Structures are given as C-alpha cells and as structure tokens.
Amino acid sequence: MTFFIKIGRNTLNILQGVGAASIMLFQALVGKPEPRKMFPLLIRQLYVVGVQSMLIILISGLFIGMVLGLQGYTILVDFGAEQALGPMVALSLLRELGPVVTALLFAGRAGSALTAEIGLMRATEQLSSLEMMAVDPLRRVVAPRFWAGFISMPLLALMFSAVGIYGGFLVGVQWLGVDDGAFWSVMQASVEWQNDILNGFIKSLVFAIVVTWIALYKGYTAAPTSPGISAATTQTVVYSSLAVLGLDFVLTAVMFG
Amino acid sequence: MDNLVEVKDIYFKRGDTLIYEDVSVQVPRGKVTAIMGPSGCGKTTLLRLIGGQLKPQKGSIRFADYEITELGRNQLFEARKRMSMLFQSGALFSDITVFENVAFPLREHTNLPENIIATVVKMKLEAVGLRGAGKLFPQELSGGMARRAALARSIALDPELIMYDEPFAGQDPISMGMLVKLIRSLNSTLGLTSIVVSHDIHEVMSIADHVVILANKTVVGQGTPEELKRDGNDLVQQFLRGEADGPVPFHYAASEYESDLLAGGQKK
Amino acid sequence: METRKIELLVGVFISAAVVALIFLALQVANQSSAMRGETYTLYANFDNIGGLKVRSPVKVGGVVVGRVANIELDPEYFEAVVELQISKSFSQFPETSSASILTSGLLGEQYIGLEPGFMDDDVFVLEDGDSIFSTNSAVVLEELIGQFLFSQGDN
C-alpha cells in the first residue's frame with residue numbers, strides 16, 4: 001500500500017516539477033523581444049557558457065578520438081579491415097559520442113555553474129532586487145542564459161566531433177600506419193551529410209535544451225542556503241546526465257532505428 | 001493624515017504557517033515609518049507584501065493609486081517603478097562595478113543618453129558619499145559601503161517610497177550612524193516616504209515619525225515614538241526596554257526541567 | 001572583463017564551430033552528387049534482393065550515381081520492386097541496361113550495379129518512372145552451396 005502511495009506521490013511531484021519548469025521557460029522566452037538589451041547579455045553568456053567550456057570539450061574530443069582510433073584499430077586489424085577505421089571513428093563520434101559526451105561535459109562544466117550562479121543570485125537577493133526594480137529576472141537572467149546554452153552546445157558538439165576525428169586520424173594514420181587515402185575515402189563513402197551529421201546536430205540541439213533548462217530551473221528554485229545550492233548543483237548534473245542518456249536512446253531509436 | 005501605503009486587514013499564510021492575522025498598517029506620506037518586532041515575526045514579509053512579491057490570502061494593500069493585491073504582472077512592474085527596496089545584503093550585482101550598479105535601473109527604464117546617466121549616477125553616489133568608489137566592484141566594498149551603494153541604486157529613479165530591510169543589521173557604530181543620518185536626510189531632501197524594518201530600537205526611535213510594532217502575528221502597537229513609550233501593552237514595553245523575560249518568554253517551550261534532567265540519557 | 005575582449009573570444013568560438021562544420025562537411029561526409037541536386041526515379045524488379053536496403057548505393061562501374069529510395073513487394077507476382085533515385089546528371093541509360101545486386105568485398109554491403117546496355121536507333125532512353133527489365137537477383141549463399149552439392153552429386 002505505502003509502496004503505491006510512494007509511486008503516486010513521486011509521480012505527482014515529478015509532474016509538478018515539469019509543469020513549473022515549463023511555466024518558467026515559457027515566461028522567460030515568450031514576450032516582446034528586446035534585441036537591443038538582449039544582445040549584449042547574450043554575448044556575455046555565450047562567453048561564460050560557450051567559450052569557457054571550449055577547452056575541456058576540445059581536449060576531451062581529441063583524447064576520445066585517439067582512444068577510438070587505437071581500440072578500433074586493434075579490433076579491425078584482426079579482420080584485415082583496418083581501412084574501416086575511418087568510418088568507425090567518424091560514425092561513433094558524429095552519431096553518439098559527439099552529442100552525448102559534449103552534453104555530459106557541458107552539464108558538468110556549464111550546467112552546474114549556471115545552477116550555482118542563479119542559486120547564489122537568489123540567495124543574495126539579487127533576483128528579488130531585480131523584481132523590485134521592475135525588471136523581470138526571468139527575462140533578464142534566465143532567458144539570455146537559456147539561449148546561450150541552446151546555441152553553444154551544438155557548436156561545441158561539432159567541435160568535439162571534428163577534433164575527435166582528427167584524433168582518430170592522428171593515431172590511426174600517423175602512428176599505426178593505416179593508409180591515409182583509404183582512411184578519408186572510406187570515411188567519406190559511409191558518412192552521410194543528412195543521416196549522420198545532421199542527425200547528430202539535432203541530437204545535440206535537444207540535449208542543449210534539456211541540460212540548460214534543468215540547470216536554470218534547478219538554480220532558480222534552489223533553496224537560498226548553502227546546502228540548498230549544493231544540492232541543486234548536484235541535481236543538475238545527475239538529472240541532466242540521466243535525461244541525456246535516456247533521450248539519446250529514444251532519439252537513436254527514432255533516427256537510426 | 002495622507003497615507004502613501006495602507007495595509008488593511010491582511011491575512012497571510014506561508015505553507016501551513018500563519019504569519020499574519022488581521023494586520024493593518026498605515027504609512028503616512030513623507031514620513032519615516034518604522035516597523036519593529038521580535039525576530040521571526042515577519043517584518044520582511046510585510047515589505048515583500050507591499051512590493052507585491054508575495055500575495056496575502058485576504059485583505060487589501062494600497063500603494064498610491066494601486067491596489068497591489070489585484071495587479072497583473074505588467075501593472076505590478078509599473079507600480080514598482082515608483083517604489084524601491086534596500087535589501088539586507090545590499091543585493092548589488094556582483095559582476096558589474098558600483099557605477100554600473102547604480103546606472104542599472106536608469107539604463108533599464110529610461111532612454112537617457114550616456115552623459116546624462118553618468119551625471120545622475122555621480123549625483124546619487126555623491127549623496128551617499130561614494131562618488132570616489134564608482135570603479136570598485138561590490139566585493140571590494142565593506143559591508144557599510146555596500147549598503148550605501150545599494151542605497152544609491154535604490155534612489156536612482158527617484159522613487160516615492162523606499163523600503164529598508166534591516167539597514168542596520170551587522171553594522172559597526174560608525175556606519176550605523178552614517179546610515180541613520182542618510183535615511184533621515186534622504187527622506188527630508190528628496191521628499192520620499194520611508195519604511196524602515198529593524199530591531200535596533202534606539203536608532204529607529206531617533207529617526208522614525210511613526211512606529212509600528214508587530215508581534216504574535218498582529219500589530220501590538222502603533223503611533224509616534226512618544227505615544228508608544230507611554231503604551232500600556234506589556235509586550236510593547238518589553239520590546240522597547242529589551243527585557244529578557246516577559247510576555248515573550250526567555251525559554252523555548254519545553255517539558256518540565258526537573259523531569260527532563262532526571263530522564264538521564266534519554267533524548268527528547 | 002572588458003566587453004571587447006569578450007566579444008572577440010565569442011567571435012573566435014563561433015568561428016571555431018564554423019571551421020569544425022566545414023571540416024565535417026568537406027572532409028568527413030561524402031559529397032557524391034547523387035543525393036544532392038535533382039534526381040529521377042527508375043524501377044527494377046528482382047526475385048530476391050538479398051541484403052539490399054533503402055539508401056544502398058547504385059553504382060555504374062563502381063561510381064555512385066544514385067541510391068535505393070524504396071523497396072516494396074509486388075503483391076501479385078511476389079517480386080521485390082526497388083525504387084532507384086538516380087542523379088539527373090546521369091540520364092542517358094538505354095532501356096537495354098541491366099541491374100544486378102552485387103556485394104562489395106566478401107563481407108561488404110550489397111549495392112545495385114547498373115550495366116548500361118547497347119544504344120541503337122530503336123532503343124529508348126530510360127526516363128523518370130520507367131522500369132529496368134533485365135535484372136539479376138542477389139546471390140544467396142545457401143542456394144550457391146546447394147547448387148554446388150547438386151552438381152557434385154551428378155559426377
């Protein structure tokens with residue numbers, strides 16, 4: 001009996017959270033656009049959310065590509081199929097690892113920072129003070145951060161895939177001696193513009209919305225205390241990661257199934 | 001008397017906790033009104049209700065020509081342009097300088113050219129004695145200076161009403177003295193109406209024209225400082241004299257002391 | 001930090017993403033003109049398509065000229081009807097051309113190989129919606145082994 005009560009209560013709580021988060025996002029994004037005010041804010045947030053995440057994305061991408069090259073080579077060489085290394089590296093990065101790993105790293109690097117920043121703004125009454133100055137904190141604080149996340153993550157995922165493929169090339173061709181021409185031409189023969197690159201891009205757009213949204217909502221509703229903010233930051237990373245992995249399965253099933 | 005803010009018979013519950021029952025407060029125009037009371041009695045909540053950040057379950061709150069409890073989001077923002085609030089922490093934006101903090105409301109709500117904004121900001125900073133600190137970031141200011149900078153920001157748009165939330169809390173005697181002087185002088189020179197929430201009795205009694213004492217979810221005393229000193233209510237007298245025991249008990253409600261000790265190791 | 005520096009770095013960020021996109025588009029993805037630009041449709045019927053799939057390539061002499069757009073089963077003759085999308089730049093196939101289902105390498109993908117036929121005065125050029133009559137089905141390993149055993153038995 002209590003088991004069912006628990007399930008019911010949790011479901012209601014989740015639904016309530018999703019509803020409240022939707023209302024928040026709606027109020028933040030819908031309304032009279034004010035490009036003159038929004039643009040400088042957006043640039044600033046692109047810097048915080050995008051530029052500052054770039055280094056970790058590039059380095060992780062390079063290493064993951066190199067590992068893929070090495071692992072792929074040792075497996076493929078047994079079948080004498082090391083020329084298939086190119087497509088293997090490119091397809092795993094473009095379809096899966098690029099969008100997914102970028103989203104996970106983004107949640108840890110930028111998402112947690114967004115949550116903590118907004119939570120602290122709430123704790124130090126900066127949000128209340130905006131409201132009292134007749135400035136809507138949803139439009140002023142939440143909206144530019146949302147757009148910055150929405151724009152940055154797909155771009156970061158593109159960089160991740162590109163650098164990863166280059167990493168695979170370094171290991172496969174430069175180090176292990178797979179034929180240079182075969183590496184690229186076999187890759188080009190099996191990577192499709194729409195099927196692989198575009199679908200990967202769509203995936204990262206979806207992840208961008210979900211991760212940024214969770215981070216902003218968790219920050220905006222964080223309890224204004226140190227344990228509250230720390231819990232909200234943890235929840236951002238955990239919920240974003242789970243949402244990204246779950247959605248990835250659904251999207252993969254729809255796109256490539 | 002002409003009242004800028006009139007709070008009438010409000011009833012406010014947060015979650016399951018009843019905070020106000022039938023509270024009515026008048027804030028006369030052009031005067032300094034102090035709201036006092038023991039910690040946790042919801043003084044700050046009253047300010048948030050007047051600012052429209054919270055809504056009471058019952059009752060009415062009038063500010064100028066607005067009925068705050070019935071306003072939609074946009075009208076509420078219109079009303080808030082005519083009032084201002086100084087938060088306990090100052091709530092300066094930590095990523096921009098003091099100058100930009102004071103300029104913020106001007107840039108948001110006016111289309112003034114940059115040189116006029118600069119002039120206004122310098123005037124406001126001069127009024128709080130911080131004209132030399134415009135280039136500093138909030139974290140480089142002392143607590144008292146941060147509060148004065150926040151004060152400059154809250155008077156940037158020349159509001160009619162300014163609400164101070166615990167302006168003296170955690171200040172050393174010198175900055176406390178400065179703030180007391182500022183509140184009084186801003187009130188008379190700019191012709192604003194002030195509401196000061198505090199429990200620093202002496203400072204408040206020295207500047208307030210009208211005092212409201214909140215306790216036990218309602219107003220226990222209201223009037224000029226002189227009237228209150230003669231008030232017959234025990235609670236008012238305990239509060240004004242700062243006595244340790246009285247209608248507000250020293251001990252938090254607990255079981256019988258002796259039996260609690262005799263119970264030994266068992267925690268209760 | 002100064003606004004100018006932030007703007008500069010955001011500019012660098014966006015440019016880096018554009019460079020990545022160009023790299024992916026030019027160096028990684030295939031640029032066979034077959035799927036871009038205008039195409040026309042041909043049909044071919046096979047008894048057995050083996051492992052052919054939608055989006056498998058259509059090649060002439062090893063060069064990709066189109067893709068398999070759709071595969072259906074003819075409900076009357078129980079034949080597989082394969083819809084081919086061929087690039088408009090290869091629009092001169094005579095009706096005597098033949099289509100075979102071939103395998104690239106021993107374990108590779110299956111694709112359709114188009115063999116252009118002879119050209120003559122009374123031979124028409126295949127146009128949008130036409131069918132290729134001469135087709136060779138996929139080779140099924142089991143049948144191959146069966147035939148081999150059968151012919152062994154005869155000897």
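Q: How much area do chain A and chain C bury between them, and how is such a figure read?
A: The size of an interface is often given as the accessible area lost when the parts come together. Here buried area is the accessible area (1.4 Å probe) that two parts lose on being put together, summed over both. Chain A and chain C bury about 2200 Å² between them. Carbon and sulfur atoms account for 76% of it. Tyr47(A), Gln188(A) and Trp193(A) supply 24% of the area that chain A buries against chain C, more than any other three residues.

Q: What kind of model is this?
A: This is a predicted model, in which local features need pLDDT of at least 70, side-chain atom pairs count only at pLDDT 80 or more, and totals for chains, interfaces and linings use all residues. Residues are numbered from 1 along each chain as its sequence is written, chains are lettered from A and ligands numbered from 1 in the order in which they are written, and side-chain values use heavy atoms, with hydrogens and water left out.

Q: How many residues does each chain bring to the contact between A and C?
A: Contact means heavy atoms within 4.5 Å. Chain A gives 26 residues and chain C gives 22 residues. Two pairs of chains touch, and the most contacts are between chains A and C. No contact joins chain B and chain C. Their closest C-alpha atoms lie 9 Å apart.

Q: Which residues form the salt bridge between chain A and chain C?
A: A salt bridge is a side-chain nitrogen of Lys or Arg within 4 Å of a carboxyl oxygen of Asp or Glu. The count between chain A and chain C is one. Arg67(C) pairs with Glu192(A), with the closest N and O atoms 3.7 Å apart.

Q: Which helices of chain A supply the side that touches chain C?
A: Helices (H or I, at least four residues) and strands (E, at least two) are DSSP runs, numbered from the N terminus. On chain A, H2 (35-76), H3 (85-123), H5 (137-175), H6 (180-190) and H7 (193-220) each supply at least two residues of that side. The largest share, eight residues, comes from H5(A).

Q: How is chain C built?
A: Chain C has two helices and eight strands. Its pattern along the sequence is α-β-β-β-β-β-β-β-β-α. The radius of gyration is taken over C-alpha atoms, and the globule rule is 2.2 Å times the number of residues to the power 0.38. For chain C the radius is 23 Å, well over the 15 Å that the rule gives for 155 residues, so chain C is more spread out than a compact globule. The C-alpha trace spans about 90 × 45 × 30 Å along its principal axes.

Q: Where in chain B do Lys124(B) and Asp158(B) sit?
A: Their side chains meet in a salt bridge (2.6 Å, N to O). Lys124(B) is in helix H4 (residues 114-127) of chain B. Asp158(B) is in the loop between helix H5 (143-154) and strand S7 (161-165), 34 residues apart from its partner.

Q: Is Lys124(B) buried or exposed?
A: Buried means under 20% relative accessible area, exposed over 50%, partly exposed in between (1.4 Å probe, protein chains only). Lys124(B) counts as buried because its relative accessibility is 9%. Asp158(B), at 51%, counts as exposed.

Q: What is the salt-bridge partner of Lys88(C)?
A: The partner is Glu38(C), with the closest N and O atoms 3.5 Å apart. Lys88(C) is partly exposed at 42%, and Glu38(C) is exposed at 59%.
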